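Please have the structure open as you read.

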Amino acid sequence: MDLNAVQILVAVVQAGSMTSGAERLGVPLATASRRIRALERSLKVELLERSVRGVKLTEAGARLFEHASRGLDILHEGHDAVV
C-alpha cells in the first residue's frame, strides 16, 4: 500500500474535497486524484464517491480512513518524539 496515497486520501477526507485536500498537502489536484485512483486499483475497491459537491467515503473507504488516520497520527507523534 502506498503510504503517500493514503496520506492524500486522509487529507482529502478531512478537507471535504479533492481540491482542498490537495492544497492542504501542496500537491497538484491531478496528482492527488491519480494517486487515490491508483490506491483504489491496488486495493480493488472504490474508496470515494466523487461528485461536483465534493467527496464522500464508501463503506470500504470509511474503514480504511479510520485505521489510516490513526496510523498517520501515530507516525506524526513518533516524528515529534525524535525531533
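## Helix α3 and what follows

Helices here are DSSP runs of H or I with at least four residues, numbered from the N terminus. The model is a predicted one. Helix α3 covers residues 29-43, 15 residues in total. From its first C-alpha to its last, α3 reaches 21 Å, close to the 21 Å expected at 1.5 Å a residue.

Which residues of α3 are buried? They are Ala32, Ile36, Leu39 and Glu40. These residues lie on the same side of α3, because the arc they cover around the axis is only 100 degrees. As a general point, an α-helix has 3.6 residues a turn, so residues three or four places apart point the same way.

Turn to the other side of α3, and you will find Arg34 and Arg41 exposed. The buried residues, for their part, pack against α1 (3-15), α2 (18-25), β1 (48-51) and α4 (59-82).

## Valine 55 in strand β2

Now to strand β2, residues 54-57, where valine 55 lies.

What does valine 55 touch, leaving aside residues up to four places away in sequence? Its contacts are Val12, Gly16, Ser17, Met18, Leu48, Glu49 and Arg50. Valine 55 and valine 13 are 42 residues apart in sequence, while their C-alpha atoms are 7.2 Å apart in space.

Conventions. Residues numbered from 1 in each chain as written. Predicted model: local features only at pLDDT ≥ 70, side-chain atom pairs only at ≥ 80, totals over all residues. Heavy atoms only, no water. Helix = DSSP H or I, 4+ residues; strand = E, 2+ residues; numbered from the N terminus. Expected span 1.5 Å × (residues − 1). Buried < 20%, exposed > 50% of the residue type's maximum accessible area, 1.4 Å probe, protein only. Arc of directions from axis to C-beta. Contact = heavy atoms within 4.5 Å.
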